[in-house]
Amino acid sequence: MSQKLSFEGLEVRPNLEDRGRKKKHAGPLDAKTKELHKKKRKDLNKRMKRYSRGEKMKTKPIEDKRLKHTMKRNEKEIHQASESAVRAEILLTEDAGYLEAEGMERTWRFKQKDIAKEVDVRTKDKIFNLDMKFGPYFMDFTREGRYVLLGGKKGHLSVFEWKKFNLQTEFHVQETIRDVSLLHNHTMFAVAQKKYVYIYDNSGIELHCLRHHTDINRLEFLPYHFLLASIGKTGYLKYQDTSTGTIISQHRTKLGDCGVMVQNPRNAVLCLGHRNGTVTMWSPSMSDPLVKMLCHRAPLTSAAVSQDGVHMVTAGLDGRVKIWDLRTYKELYNYYTVRPAAAISISQQGQLALGFGSHVNVWKEAFVKKQKDPYVVHEMPGHTVQRLQFCPYEDVLGISSSKGYSSIVIPGAGEANFDTFAANPFATKKQARETLVNQLLEKIPADMISIDSDLVGKIDDAPRAVQFAEKVEEQKEREKEQRRNKKRKKESKGKKL
């Protein structure tokens, strides 16, 4: 006789011996039981919204019976997947931590030495400082948070497993470094040097020199599309496929030198911050910006987008830090900093970190309401904060400064329950190889990057004549842009003597 584990709200499957027997109909449910079932279903539907994949597809206007049946079946499968995910939440036993103050105390008064006294030994080891003389330093974490890449402006590069202090590689390129970015894992990373972008492996061997990327200020890697994006002094945004080595597209922003670039984790759209105070959003398939927002009255210094892609935080030389709702493109909250914020980072749990001068402030629930006091305050006398980044799946904030690298503990910053199919912090060498192969097989085409993340799967209701006219117009624009780029390339070469 087989037994099944049942959760709250799940029906227990009947035993094999009971099959074929005549079912006894239960009596009518009383009003109290009906109300309880109704309340449970309402709560279940509310929790299912977190796992929904956009609005439900309207199948009524579809005339093709086969397509209509397929769309209905897909919607049913999506609903069942969301319901199963909600009911499986009981298996997620880990919970995010937090700092709690008693009485007149405030959490921002707690220093790292006070936190270190109360936590376990492993967490205590995550608080450390590395003093290095080739700063200011740039940094980047791997997707699973195991390795960190450090690059000093004076040419120093190092990759190490920061939890075990296991150094993977360390060398000096004897050239100015402007930015660094890890690629699909810790075995390959890109470095924007004085003139070109170079790709190295974890042994320090130079693999490629990307001569099409010149005078680069910022690098960004799109993991699901295997695209390396760059922006620099020339104002050209370039996408290069790291799996094939081909340049997918390059766009002229027409806004000059750019030093701020972040990606939206939800839809892989790149957000560029310009010197005229605007933020433009780009995708590889469009030669013009998808969205253009006037965010500040001064040049932008930093920007960040939340993990759910709903909120964007920008900072400018006017000393303002603004929080924007990307669904309506409206300003939600406005903060003032003593000095312009040079670095911004948002954790997986929605905590906001700001770095300005020698100060680092972390704000909790900054997207819910305007906060009066910060959550954690960290001082670094004699240092100037260059970059901030929360370590994935850890309550750790990495700080790269003018004199090295620091790691501090921020309780409740990381996701407590990680998905090993997305990123596995405990992956073995064999699992890492298999993950890389799966990622290459599941690579998303660059044409699917859109401002609307729910666009894929929708049906275009426009008539065929309109759709054909739109395609012809897009083809003409693409050819026009190619001719324009070809002409600029010839002009840049100069006349032959």
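The dialogue below takes up aromatic pairs, salt bridges, surface patches and backbone geometry in turn.

Visitor: What kind of model is this, and how are its residues numbered?

Guide: This is a predicted model, in which local features need pLDDT of at least 70 and side-chain atom pairs count only at pLDDT 80 or more, while totals for chains, interfaces and linings use all residues. Residues are numbered from 1 along each chain as its sequence is written, and side-chain values use heavy atoms, with hydrogens and water left out.

Visitor: How is an aromatic pair described?

Guide: Two values describe a pair of aromatic rings: the distance of the centres and the angle of the planes. Rings of Phe, Tyr and Trp (its six-membered ring) pair if their centres lie within 6.5 Å; planes under 30 degrees apart count as stacked, over 60 as edge-to-face and the rest as tilted. The structure holds nine such pairs. One of them joins F128 and Y405, a tilted pair with 6.0 Å centre to centre and 50° between the planes.

Visitor: Is F128 buried or exposed?

Guide: Buried means under 20% relative accessible area, exposed over 50%, and partly exposed in between (1.4 Å probe, protein chains only). F128 is buried because its relative accessible area is 10%, and Y405, at 0%, counts as buried.

Visitor: Which residues form an edge-to-face pair?

Guide: Y393 and F418 form an edge-to-face pair, with 6.0 Å centre to centre and 75° between the planes. Y393 lies in the loop between β26 (385-390) and β27 (396-401), and F418 in the loop between β28 and α5 (429-441), so the pair ties together parts 25 residues apart in sequence. F418 counts as partly exposed because its relative accessibility is 31%. Elsewhere, F171, F189, Y198 and Y200 form one aromatic cluster.

Visitor: How is a salt bridge to be read, and how many salt bridges are there?

Guide: Side chains of opposite charge can pair when their charged atoms come close. The criterion for a salt bridge is a side-chain nitrogen of Lys or Arg within 4 Å of a carboxyl oxygen of Asp or Glu. A search of the whole structure finds nine salt bridges. Among them is that of K126 and E394, at 2.5 Å from N to O. K126 lies in the loop between α4 (121-124) and β1, and E394 in the loop between β26 and β27, so this pair ties together parts 268 residues apart in sequence. Both K126 and E394 are buried.

Visitor: Which residue forms a salt bridge with R387?

Guide: The partner is D179, the closest N and O atoms being 3.0 Å apart. This pair, too, links distant parts of the chain: D179 is in strand β6 (residues 177-182) and R387 in strand β26, 208 residues apart. D179 and R387 are both buried.

Visitor: What is a charged surface patch?

Guide: Patches are made of residues with over 30% relative accessible area and no salt bridge; like charges are joined within 9 Å, and nonpolar side chains (Val, Leu, Ile, Met, Phe, Trp, Tyr) within 5 Å. Accessible areas come from the Shrake-Rupley method with a 1.4 Å probe; for residues, only the protein chains shown count as cover. Lys and Arg count as positive and Asp and Glu as negative, while His and the chain ends are not counted. The place of a charge is taken as NZ of Lys, CZ of Arg, CG of Asp or CD of Glu. Here R106, R109, K111, K113 and K117 form a positive patch, and D288, E470, E473, E474 and E477 a negative one.

Visitor: Which peptide bond is cis?

Guide: The bond from G135 to P136 is cis, with omega near 0°.

Definitions and conventions:
Helix = DSSP H or I, 4+ residues; strand = E, 2+ residues; numbered from the N terminus.
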